Amino acid sequence: MRNLVLASLAMLSATAFAGPECTKADKSEWLDQAKFQEQLKEQGYEIKVFKVTKGNCYEIYGWNKDKQKVEIYFDPVTGQVVKEEIDD
């Protein structure tokens with residue numbers, strides 16, 4: 001019984017922290033990472049961390065133009081925001 005509970009908790013915690021699935025498009029269709037980051041900076045973002053997630057998203061940790069701390073997932077093909085979390 002204890003093992004079942006532990007396994008269930010592990011599955012729930014992994015699901016809770018999983019990011020969104022952004023695209024299934026081939027990486028040849030993705031926006032260039034350096035150019036995309038430069039566009040974000042031109043929009044006023046300060047990027048602390050930029051990474052590609054398991055769900056095929058571009059993800060940034062940093063600050064938006066209003067100096068709010070953000071975590072944002074972008075579709076790497078369109079550049080559109082898929083999920084955004086603002087930490088006030």
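Let's start with Phe74. Leaving aside neighbours within four places in sequence, which residues is Phe74 in contact with? The list is Cys22, Phe36, Leu40, Cys57, Tyr58, Ile60, Gly79, Gln80, Val81 and Val82. Keep those names in mind, as several will come back. One caution before we go on: this is a predicted model.

Is Phe74 buried or exposed? Its relative accessibility is 2%, so Phe74 counts as buried. The cut-off for buried is under 20% relative accessible area.

Phe74 also belongs to the largest nonpolar core. That core has 10 residues. They are Trp30, Phe36, Leu40, Tyr45, Phe50, Tyr58, Ile60, Val70, Ile72 and Phe74. Where do they come from? Helix H2, strand E2 and strand E3 each supply at least two of the core residues. The largest share is 3 residues, and that share comes from E3.

Now the rings. There are 4 aromatic pairs by count. I'll show you two. In general, a pair of aromatic rings is described by the distance of the centres and the angle of the planes.

Take Phe36 and Tyr58. Their ring centres are 5.5 Å apart and their planes meet at 40°, so this pair is tilted. Phe36 sits in helix H2 and Tyr58 in strand E2. Phe36 has a relative accessible area of 4%, so it is buried. Tyr58 comes in at 2% relative accessibility and counts as buried.

The second pair is Phe36 with Phe74. Here the centres are 5.1 Å apart and the planes stand at 75°, so the pair is edge-to-face. This pair, too, links distant parts of the chain: Phe36 in helix H2 and Phe74 in strand E3, 38 residues apart.

Zoom out from the pairs. Trp30, Phe36, Phe50, Tyr58 and Phe74 form one aromatic cluster.

Next, the sheet. How many strands form it, and in what order? There are 4 strands, and the order is E1-E2-E3-E4. The sheet is open and the pairing is antiparallel. Which strands stand at the edges? Strand E1, residues 46-52, and strand E4, residues 81-87. Each has a single partner strand, so one side of each is left without a neighbour in the sheet. From one strand to the next, the twist averages 15°.

A reminder on how strands join: they pair through backbone hydrogen bonds, either parallel or antiparallel.

Walk through two of the pairings. E1 and E2 pair in the antiparallel sense over 6 bridges. Phe50 stands opposite Ile60 in E2. Both residues are on the core list. The hairpin of E1 and E2 has 5 residues between the strands. In that hairpin, Asn56 takes a positive phi near 60°.

Then E3, residues 69-74, with E4. They pair in the antiparallel sense, over 6 bridges. Lys69 stands opposite Asp87 in E4.

What packs on this sheet? Helix H2, residues 33-42, does. H2 touches E1, E2 (58-63) and E3. The direction of H2 makes about 150° with that of E1.

With 36% relative accessibility, Gln33 counts as partly exposed. Leaving aside neighbours within four places in sequence, Gln33 is in contact with Phe50, Val52 and Tyr58.

Last stop, the disulfide. The structure holds 1. Which residues does it join? Cys22 and Cys57, with an S to S distance of 1.9 Å. The torsion about the S-S bond is about 95°, so this disulfide is right-handed. Cys22 lies in the loop between helix H1 (2-16) and H2, and Cys57 lies in the loop between E1 and E2. The pair therefore ties together parts that are 35 residues apart in sequence.

Are these cysteines buried or exposed? Cys22 has 11% relative accessibility and counts as buried. Cys57 has 0% and counts as buried.

That brings us back to Phe74, which has both Cys22 and Cys57 among its contacts.

Conventions: Residues are numbered from 1 along each chain as its sequence is written. This is a predicted model: local features need pLDDT of at least 70, side-chain atom pairs count only at pLDDT 80 or more; totals for chains, interfaces and linings use all residues. Side-chain values use heavy atoms; hydrogens and water are left out. Two strands pair if DSSP finds at least two bridges between them. Axes are lines fitted to C-alpha atoms, for helices over the stretch in contact, and angles run from 0 to 180 degrees between N-to-C directions. Contact means heavy atoms within 4.5 Å. A nonpolar core is a set of buried Ala, Val, Leu, Ile, Met, Phe, Trp, Tyr and Cys residues joined through side-chain atoms within 4.5 Å. Buried means under 20% relative accessible area, exposed over 50%, partly exposed in between (1.4 Å probe, protein chains only). A disulfide is a pair of cysteine sulfur atoms within 2.5 Å. Rings of Phe, Tyr and Trp (its six-membered ring) pair if their centres lie within 6.5 Å; planes under 30 degrees apart count as stacked, over 60 as edge-to-face and the rest as tilted.
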